[in-house]
Amino acid sequence: MWELGAIALFVAGIFLWLDSLRVRERAVEVGRSACERHALQFLDDTVSFTKLRLARDEEGQVAIARTYTFEFSDTGNNRRHGAIVMLGARLQDLQLEPYRIQ
């Protein structure tokens with residue numbers, strides 16, 4: 001009987017991993033498009049996973065909230081930090097470190 005529980009836990013882990021890969025790719029797209037919209041450079045072309053938690057969406061349903069951080073540059077020779085919070089596969093919040101508008 002415990003074998004069934006172990007298999008179910010393994011399958012759930014695989015689904016969580018695949019979902020996390022899909023959401024991470026979406027977070028990269030969000031970060032890249034935000035930088036393009038504000039005429040910034042999206043550095044290293046990637047995001048870094050920071051936090052995982054459960055949260056409720058607008059309808060009150062429980063979903064996985066993932067926080068990713070990334071770096072951008074406003075001048076080309078500095079690094080500033082940004083954060084993306086994805087609730088499920090949708091963008092919940094995007095934050096950019098203050099920078100001087102040119």
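These legends walk through several close-up views of a predicted model. Residues are numbered from 1 along each chain as its sequence is written, and side-chain values use heavy atoms, with hydrogens and water left out. Because the model is predicted, local features need pLDDT of at least 70 and side-chain atom pairs count only at pLDDT 80 or more, while totals for chains, interfaces and linings use all residues.

**View 1. A nonpolar patch on the surface, with Trp-17 as one of its members.** Ile-7, Phe-10, Val-11, Ile-14, Phe-15, Trp-17, Leu-18 and Leu-21 make up this patch, and together they have about 820 Å² of accessible area. (Areas come from the Shrake-Rupley method with a 1.4 Å probe, and for residues only the protein chains shown count as cover. Patch residues have over 30% relative accessible area and no salt bridge; like charges are joined within 9 Å, and nonpolar side chains (Val, Leu, Ile, Met, Phe, Trp, Tyr) within 5 Å.) Trp-17 sits in helix H1, residues 2–37. (Helices, H or I with at least four residues, and strands, E with at least two, are DSSP runs numbered from the N terminus.) Trp-17 counts as exposed because its relative accessibility is 53%. (Buried means under 20% relative accessible area, exposed over 50%, and partly exposed in between, using a 1.4 Å probe and protein chains only.)

**View 2. The largest nonpolar core.** Here you can look for 13 residues, among which Val-47, Phe-70 and Ile-84 touch the most other members. H1, E3 and E4 each supply at least two residues of this core, and H1 gives the most, with five. (A nonpolar core is a set of buried Ala, Val, Leu, Ile, Met, Phe, Trp, Tyr and Cys residues joined through side-chain atoms within 4.5 Å.) Leaving out residues up to four places away in sequence, Val-47 touches Arg-24, Ala-27, Val-28, Phe-42, Tyr-68, Thr-69, Phe-70 and Ile-84. (Contact means heavy atoms within 4.5 Å.) As a bit of background, nonpolar side chains tend to be buried together in soluble globular proteins.

**View 3. Gly-82 beside Gln-95.** Find Gly-82 in strand E4, residues 80–87; Gly-82 is buried, with 6% relative accessible area. Gly-82 and Gln-95 are 13 residues apart in sequence, yet 5.4 Å apart in space, C-alpha to C-alpha.

**View 4. Salt bridges.** The count comes to 10 salt bridges. (Each is a side-chain nitrogen of Lys or Arg within 4 Å of a carboxyl oxygen of Asp or Glu.) Glu-29 and Arg-26 meet in one of them (3.6 Å, N to O); both lie in helix H1, three residues apart, about one turn of the helix. Arg-90 pairs with Glu-58, their closest N and O atoms being 2.4 Å apart. That pair links distant parts of the chain, 32 residues apart: Arg-90 in strand E5 (residues 90–96) and Glu-58 in the loop between strand E2 (48–56) and E3. Asp-19, Arg-22 and Arg-66 are linked in a salt-bridge network.
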